Amino acid sequence: MSSAQPISLLLCALGGEGGGTLTDWLVDTARHAGYAAQATSIPGVAQRTGATTYYLEVFPTPLAELRGRRPVFGLNPLPGRLDALVSSELLETGRQIGNGLASGEHTLVITSSSRAFTTAEKMVMGDGRRDEAPLLALVREHSRAHHVLDMAALTREAGTVVSAVMLGAIAASGLLPFTRADYEAVVGGAGGHAKASLRGFALAFDAVSAQREQARWVEQVMNDDAEAPVPAAATPPALLAPFPTALHDILALGHARAVEYQNAAYGLRYLERLQRVLAAERAGDPAGAQGFAATREAARWLALWMAFDDIVRVAELKARASRAERVRREVKAGNGDLLRVYDHFKPGAPEFAAMLPESLARRVLAWDQRRVQRGQAPWALPLKVSSHGVLGLLALRALAATKRLRPLGSRFATEQALMDRWLAAVERGARADARLGLELAKCGRLIKGYGSTNERGKDNLLHIVDHLSDATKAGAAEAVAQAREAALADEAGTALDRALVQHGAPARPLKAQPIRWHHNPRRKKPAH
């Protein structure tokens with residue numbers, strides 16, 4: 001007994017994820033199996049200034065063999081001495097490793113690959129997400145062994161809480177001297193949500209077991225000096241044949257999105273546009289030194305732009321059976337539970353005008369503008385749709401069915417014209433300078449959101465295209481890159497204007513500020 005040491009685990013959970021429940025399950029499992037255990041916890045201030053951590057020690061010798069003696073446990077983890085670090089979020093795992101708690105010689109790391117994005121990441125106008133590769137590299141470097149799995153996806157699939165998934169991963173790791181039956185006996189008696197918890201436990205147990213089996217197989221293959229068989233590559237679809245194989249993955253996704261959004265002809269239009277970009281890139285870079293990067297970027301952002309949001313798209317998404325199933329999972333509704341879902345819409349004149357031909361759309365927008373000039377609020381139609389009922393669901397599906405009429409609408413024509421204008425600039429740039437074509441293709445990320453955010457992104461994109469895409473000017477590619485990053489960094493556009501002027505382009509024209517309305521039951525007065 002003097003040489004035996006307790007097995008130490010540090011459990012990290014964000015707010016509301018059931019870290020305390022997980023700790024109780026582990027302690028109860030140890031007692032059920034006849035082992036001594038002790039747990040302590042350190043509450044965090046907030047999700048990003050410190051998640052609540054739970055420290056657990058389990059003595060690996062059964063109580064029956066200790067003859068009445070009791071082990072002495074520690075109250076807090078010692079840096080570099082942890083046997084296991086278990087976390088439900090990848091950045092939190094990295095934070096604990098950064099605190100020096102894990103070591104490459106001693107610690108098993110079990111972590112989720114999913115992320116809960118920080119406020120700093122969400123505030124960025126563009127894609128502010130931090131690259132996950134350095135975090136995964138940190139896990140590999142500071143662990144004797146590791147299991148990385150998407151705990152968030154497993155939790156959704158099981159309809160449970162992430163603590164059950166974390167327990168299954170711990171059980172399958174073989175770290176603790178308990179059998180699977182010991183864990184399941186405790187979780188199975190945990191109340192009304194026991195079945196869902198057991199589902200989550202089983203999914204994680206199987207996932208980690210598969211990883212361990214794969215690791216054993218790879219080790220055996222390496223020891224036998226054999227090579228693992230390489231699976232044959234799938235034959236690309238005929239539609240993708242004109243494109244290099246390296247682009248097939250992104251093109252397949254983009255084409256599927258365009259077809260799902262509108263129809264097969266729309267999907268062909270997506271591929272035809274990119275064939276022109278590819279031809280221009282090949283003309284400017286015959287050797288393919290850039291790896292067709294401009295075509296790949298254009299494929300990514302064009303797919304998103306071509307599937308722009310409108311009231312038809314919103315209705316289609318809300319009417320899907322998968323959406324109803326997701327809502328039931330999120331609220332944890334059982335098979336016998338009645339669930340009512342109400343969707344609130346407030347389409348205004350611009351949304352209705354978008355579905356009308358150009359001549360009618362202008363009349364609707366002019367009528368709404370005259371209302372505002374008279375001191376009235378912009379027109380909108382508040383709607384409350386009971387999508388759980390037959391009539392509400394029929395209304396949503398009827399609206400979604402009007403997507404066949406979408407090409408007749410004014411917005412569809414406007415969006416397609418803007419896309420072609422951007423792609424024409426990409427083609428010109430790629431034909432003259434591979435770097436310029438790539439930077440112009442990346443400008444597609446400026447198109448995002450809806451309403452004023454979407455309009456501002458399109459204005460910024462076109463201003464950059466019109467004034468900075470001249471390949472005959474020295475440093476055009478760098479100018480486009482700097483202007484794009486400035487547009488993404490500053491919602492007000494101040495940084496973009498500075499970048500434009502710095503590179504000899506005019507600042508964006510000033511626009512009248514939209515009228516914002518404050519509710520007053522006695523009078524209505526526009527406030528600028």
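Cys12 has a bridge partner in β4: Ser87. This pair belongs to a predicted model. The two strands behind the pairing are β1, residues 7-13, and β4, residues 84-87. They run in the parallel sense, and four bridges join them. Strands of a sheet pair through backbone hydrogen bonds, either parallel or antiparallel.

Now take in the whole sheet. It is open and has six strands. Their order is β2-β3-β1-β4-β5-β6, with mixed pairing. Which strands form the edges? They are β2, at 37-42, and β6, at 145-149. Each of these edge strands pairs on one side only. From one strand to the next, the twist averages 15 degrees.

Helix α2 covers residues 90-98. It touches β1, β3 (52-58), β4 and β5 (108-112). The direction of α2 makes about 145 degrees with that of β4. Helix α5, residues 151-158, packs on the sheet too. Its contacts there are with β4, β5 and β6. The direction of α5 makes about 60 degrees with that of β5.

How far can the model be trusted? The chain has a mean pLDDT of 83, and 89% of its residues reach 70 or more. Over residues 221-236, the pLDDT is below 50. Beyond near neighbours in sequence, that stretch has six contacts in the model. Residues 512-528 also have pLDDT below 50. This stretch has 15 contacts beyond near neighbours in sequence. Where pLDDT is low, the predicted coordinates should not be read in detail.

Technical notes: Residues numbered from 1 in each chain as written. Predicted model: local features only at pLDDT ≥ 70, side-chain atom pairs only at ≥ 80, totals over all residues. Heavy atoms only, no water. pLDDT = per-residue confidence, 0-100. Contact = heavy atoms within 4.5 Å. Pairing = 2+ DSSP bridges. Axes fitted to C-alpha atoms, helices over the stretch in contact; angles between N-to-C directions.
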